[in-house]
Amino acid sequence: MRIAKVLGTVTMNNPHPSMVGARLRLIGPLSPPELRDGVAPQADEIVAWDDLGSGIGSLVAISEGAEAAQPFRPNYKPIDVYISAILDHVDIDQNLLR
């Protein structure tokens, strides 16, 4: 699980049938120093499925790979990243980043 910042919304005009009604967000994964310093994400942006209603600027926890599809079992969803939590506050132990 990683922490990311929601950067925008993704829309599709011809989605896969299992994705009709999906809320997709453009997110930027954050490294520990970026999270600590409050700077913008430097990693490549990715698209994540959002069932929780996150907004632009929200910090979120994401699940990736096979774990991302688990909330939909036994149905199939062609997703690789799922927003699993909206984070209100993040505390970082400065000793771990030295």
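## Strand pairing around β5

In β5, Ile 83 is the bridge partner of Asp 50. β3 and β5 run parallel and are joined by two bridges, strands counting as paired if DSSP finds at least two bridges between them. Strands are DSSP runs (E, at least two residues), numbered from the N terminus. The model is predicted: local features need pLDDT of at least 70 and side-chain atom pairs count only at pLDDT 80 or more, while totals for chains, interfaces and linings use all residues. Residues are numbered from 1 along each chain as its sequence is written, and side-chain values use heavy atoms, with hydrogens and water left out.

Strand β3 (residues 46-50) also pairs with strand β2 (residues 24-29); these two run antiparallel, with four bridges between them. Here Leu 26 stands opposite Val 47 of β3.

## Nonpolar cores

The largest nonpolar core has eight residues: Ala 4, Val 6, Ile 27, Ala 48, Val 60, Ile 62, Val 81 and Ile 83. Two or more of these residues come from each of β1 (2-10), β4 (59-64) and β5 (81-87). A nonpolar core is a set of buried Ala, Val, Leu, Ile, Met, Phe, Trp, Tyr and Cys residues joined through side-chain atoms within 4.5 Å. Buried means under 20% relative accessible area, exposed over 50%, and partly exposed in between (1.4 Å probe, protein chains only). Another core, of seven residues, lies apart from the largest one and includes Leu 24, Trp 49, Phe 72 and Ile 79.

Contacts (heavy atoms within 4.5 Å) of Ile 83, not counting residues up to four places away in sequence, include Ile 27, Ala 48, Val 60 and Ile 62, together with Arg 25, Asp 50 and Ser 54. Ser 54 belongs to the loop between β3 and β4 and is buried because its relative accessibility is 4%.

## Salt bridges

There are three salt bridges, each a side-chain nitrogen of Lys or Arg within 4 Å of a carboxyl oxygen of Asp or Glu. Arg 25 pairs with Asp 50, the closest N and O atoms being 3.2 Å apart. Arg 25 lies in strand β2 and Asp 50 in strand β3, so this pair ties together parts 25 residues apart in sequence. Arg 25 and Asp 50 are both buried.

Glu 64 and Arg 2 form a salt bridge at 2.9 Å, N to O. This pair links strand β4 to strand β1 across 62 residues. Glu 64 is partly exposed at 32%, as is Arg 2 at 37%. The side chains of Asp 37 and Arg 36 meet at 2.8 Å, N to O.
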